[in-house]
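Hi,

Here is the structure I promised to pass on. Have a look at it first, then read my notes below.

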Amino acid sequence: MPTSWESVLPQLVAGDAPLVAHQPMDSDAFAGFYERSARSLWAYLARVSGDAALADDLMQESYVRFLCADHPEPHAGEGEVAGRKYLFRIATNLLRDHWRRPRAGSIEDLPEDFFSAPGNAALSDVKAMLGPAMKQMRPRDRQLLWLAYAEGYSHHEIATITGLASASIRLLLFRARRKMARLLREEGINQGRRV
Amino acid sequence: MTLGACSREKEVAELLRKGQWLQACPAELEAHVAACRACSDLVLVTGSLQQARAHAASVAPLPPPGILWWRAQLRRRNANLERISRPVLGAQIFALAVTLLAAAGFVVANAPHGSSWWTWLEDLPRTLRLEALFPATLFHPTGGLWLLVPTLATLALLGGVAVYLGSEKQ
């Protein structure tokens, strides 16, 4: 039976009723999902943007948009796995929007020192571990590398998250990985060997 | 350009994904990785990024989920109110347009009759017995009614604009 606007309006004004037909999750379910996903999302945003304060803002906005989304896509079928992918997709779009603002001009034209902005105390140790390698990568390459090797997403999943063509992910990732490995070796980092 | 892919990359990636690299890695595979550019790149980059991920996740400053939940509820509520009020605003604009068209039609239809058609307006205060409420000077043909009506209309218009601007700001 369709709901008329006369019956919905009092509920809307009172603010105590489901406001749309699709209610993604309740507060307890969200709290659990948040506990399981927030740290990895923050790590992604902080390492790719190089700005902890920006990561804080974008992470919160990502969750709010995730909860506001009427689209049932993230909760159908794969459950929480799909929810996490959807969350990373929102965060990726927010990062892209941030980079596309006139201040930065273009995702490719960011100044190098943008990624070493002061005030990122929480990231200083991680930066020391990865050295300037990440800083020298293009933002898009950082996204691809992080999603593939830190989060373990497949090429198809990365294509869904980033909006890039699935066929081009492999080549982009290969080039980014090769460059990153070369930069890490130049820093003297050579993991994965027995000592 | 050849991608230089190695047939053993999947094997190495699976060990890395499970966190079993080196612990569960056969010596033969380790020797292969040492000699293979693609596999050694994979091990190096994956190891570095996973280490960075673990560290960044451990220092992540997370706000309580309840704050985000209520922010989302508030945003959903505002979005729904806006969605509901959009057709109401459309109806108001439509009603105003119809009223203006009717008024214009009325004026055009009565224009051939000269100025005599609007004498009923001068008699309106007497018809509604308004002289009991207001001073008689207001209803003099050249008196205050013609000043009062535009003044009230202007006040109503300015009031409407003020309410609109106030609600927009809110």
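From the N terminus on, chain A runs α-α-α-α-α-α-α-α-α, which comes to nine helices and zero strands. Helices (H or I, at least four residues) and strands (E, at least two) are DSSP runs, numbered from the N terminus. Bear in mind that this is a predicted model, where local features need pLDDT of at least 70, side-chain atom pairs count only at pLDDT 80 or more, and totals for chains, interfaces and linings use all residues. Residues are numbered from 1 along each chain as its sequence is written, while chains are lettered from A and ligands numbered from 1 in the order in which they are written.

Of the 195 residues in chain A, 35% are buried (20 or more other C-beta atoms within 10 Å of the residue's own, with C-beta atoms placed from the backbone).

After H8(A) comes A:Gly163, with a positive phi near 80°.

Now for the two chains together. The contact (C-beta atoms, placed from the backbone, within 7 Å) takes 46 residues from chain A and 37 residues from chain B. On the chain A side, H2(A) gives the largest share, 11 residues.

Cheers

Terms used. Two residues are in contact if their C-beta atoms, placed from the backbone, lie within 7 Å. A residue is buried if 20 or more other C-beta atoms lie within 10 Å of its own, exposed if 12 or fewer, and partly exposed in between; C-beta atoms are placed from the backbone.
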